[in-house]
Amino acid sequence: MTRPAPTILVVDDNPDFLEQMKLQLEAGGFVALAAESAAQARELVASAEFDLAICDLMMEHADSGFGLAHAIKRKDPRIPVIMVTAVASEAGIAIDAASKGERAWAGADVILDKPVRYEQLVREINRLLKLGA
Amino acid sequence: MDNLKVLVVDDEPGIRLGITRVLQPFLVRVPESEIDVGFSIAQAESGEEAIAHLRAQPVDILLLDHKLPGISGLDVLEWVAAEPRDWLTVMITAYATIETAVSATKRGAFDFLAKPFTPEELKATVAKTARHLLLQREAKRLADEKRQVRFQLISVLAHELKAPLAAVEGYLQLLRDGVVAPGSPKAAEVLGRSLERIEGMRKLIVDILDLTRIESGQKKRELVEVDVREAAFRAIETATPAARSRQVTIELSAPERLGMRADPGELDIMFNNLVSNAVKYNRDGGRVEVRLADLGDRVRIEVADTGIGMSPEELKQLFGEFVRIKNAKTRTIQGSGLGLSILKKLAALYGGDVSVESTPDVGSTFTVTLQKQ
């Protein structure tokens with residue numbers, strides 16, 4: 001039995017990071033929906049179906065990653081959200097990725113620090129979507 | 001400005017009183033300014049008392065008698081020299097011999113007053129000492145400020161280079177790991193994007209070099225008679241490929257001839273900045289007008305675009321270093337954020353200025369006026 005390729009929404013306002021993530025995911029057998037801004041992502045959240053979302057925490061408005069994560073959870077609380085962030089190094093805010101409470105506060109199932117290692121990301125995707133062995 | 005604090009150390013009450021009376025109403029003109037500085041006088045009758053006073057509160061100028069009842073003036077001088085302060089000491093001595101002079105200078109005295117001295121001699125010596133002190137402090141302040149600016153520049157520069165470097169690194173890794181197949185159209189796109197980032201970094205570095213050369217005055221200026229129109233032609237030619245790819249037209253209106261004395265390199269930097277900005281921040285299919293005018297002793301350069309324009313708030317921050325107006329309309333436009341501050345600094349070298357008028361979504365007009373010299 002073959003399952004359809006999972007669709008992943010990727011949101012990042014850094015066009016290079018977004019493009020690289022998209023290429024990686026496509027090479028890994030996923031379908032990637034890319035959005036360059038929280039606004040574009042919201043349109044996709046409203047109009048498209050996807051299995052998992054990867055959001056950058058800091059976009060043009062400081063908290064738009066948070067807002068977006070909550071919008072996704074409102075649409076379907078079962079859609080896992082991976083929050084990618086450089087906050088600790090750039091804004092001096094640290095979110096304790098190991099703390100369930102802080103993850104819930106951020107609206108994320110997993111929080112990863114930038115730069116993200118692709119193998120780690122795929123591991124998290126597989127785990128959250130209960131894919132693979 | 002605050003008064004300079006003077007401590008008079010002498011065991012003769014008459015000398016202390018005399019010095020106090022002369023210096024209390026005395027004013028010294030601060031070097032290179034319109035400000036006068038006065039003096040507040042404190043007194044000590046022995047070396048021990050002087051050191052106790054200096055420990056409690058720092059002074060600016062120390063008038064120190066050589067011959068004191070307890071520890072000598074030279075001992076006090078030695079103590080003073082060991083303190084990490086910028087105060088200056090004038091030795092007062094009845095025996096103005098070469099030996100005492102040499103000995104005191106070695107210990108860090110700035111100047112001498114030989115007893116007996118006239119009020120005029122006292123004033124002249126104190127004025128010289130005060131000016132030296134103020135100049136020294138001003139020089140230190142400027143050096144600190146420069147160090148601060150340099151540090152800021154380095155940290156912003158590092159930050160600005162980090163993102164494109166990470167981007168290029170990421171693209172190359174995709175190629176190396178075969179995520180993007182070599183030779184594929186995707187690979188060509190990835191290489192194209194990498195080259196774009198590298199070009200951005202190169203431009204940033206060129207801008208930084210221009211800026212630091214202008215600021216340090218190291219840039220060799222070659223002032224020759226130039227035709228301003230030629231610099232405009234060159235800049236338009238340089239910007240044409242970028243303009244064409246977005247169907248932006250560039251027009252030039254200029255008098256028959258427009259001569260001035262200028263460094264052709266500087267003129268090129270100014271025009272390139274103006275014209276490339278007018279293209280970059282334009283809309284597709286927009287228009288750029290470069291208008292040159294002869295104002296007699298000055299040259300006026302106007303570059304108008306039909307682009308995204310700026311709000312009054314954005315205009316206010318426009319000329320700062322590394323300021324890039326960030327909004328939804330500019331987020332895909334590349335730039336170092338240094339172009340306009342370079343432009344402004346160069347214009348200032350020609351006794352000129354840069355001004356801008358702008359309306360959001362209608363366009364901006366930058367006006368530069370330069371003295372022909």
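## Close-ups of a predicted two-chain model

**View 1. Strand β1 of chain B and its two neighbours.** β1(B) and strand β5 (residues 61-65) of chain B run side by side in the parallel sense, paired over 4 bridges. Look for V8(B), which stands opposite L63(B) in β5(B). β1(B) also pairs with strand β4 (residues 39-44) of chain B, again in the parallel sense, this time over 6 bridges. V8(B) turns up here too, with Q43(B) as its bridge partner in β4(B). As for cover, β1 (residues 4-9) of chain B has 5 of its 6 residues buried. Keep in mind that everything shown here is a predicted model.

**View 2. Helices α8 and α10 of chain B, packed together.** Helix α8 (residues 264-280) of chain B meets helix α10 (residues 339-349) of chain B at an angle of about 140 degrees, and their axes sit 10 Å apart. That angle is the reason α8(B) and α10(B) are called oblique to each other. The crossing of α8(B) past α10(B) is left-handed. On the α8(B) side, the contact is made by E266(B), I269(B), M270(B), N273(B), L274(B) and N277(B); α10(B) answers with G339(B), I342(B), L343(B), L346(B), A347(B) and L349(B). Sorted by class, the residues of this contact come to 8 nonpolar, 3 polar and 1 charged.

**View 3. Where chain A touches chain B.** Here 8 residues of chain A are in contact with 10 residues of chain B. The chain A side of this meeting has 3 nonpolar, 3 polar and 2 charged residues.

**View 4. Chain B as a whole, for orientation.** Chain B comes to 10 helices and 14 strands. Of its 373 residues, 30% count as buried. Among contacts in chain B with a separation of 6 or more, 66% join residues 24 or more positions apart.

Notes: Residues numbered from 1 in each chain as written. Chains lettered and ligands numbered in written order. Predicted model: local features only at pLDDT ≥ 70, side-chain atom pairs only at ≥ 80, totals over all residues. Axes fitted to C-alpha atoms, helices over the stretch in contact; angles between N-to-C directions. Parallel < 35°, antiparallel > 145°, perpendicular 65-115°, else oblique. Left-handed = near helix turned anticlockwise from the far one by under 90°. Contact = placed C-beta atoms within 7 Å. Nonpolar A, V, L, I, M, F, W, Y, C, P; charged D, E, K, R; others polar. Buried ≥ 20, exposed ≤ 12 C-beta atoms within 10 Å, placed from the backbone. Pairing = 2+ DSSP bridges.
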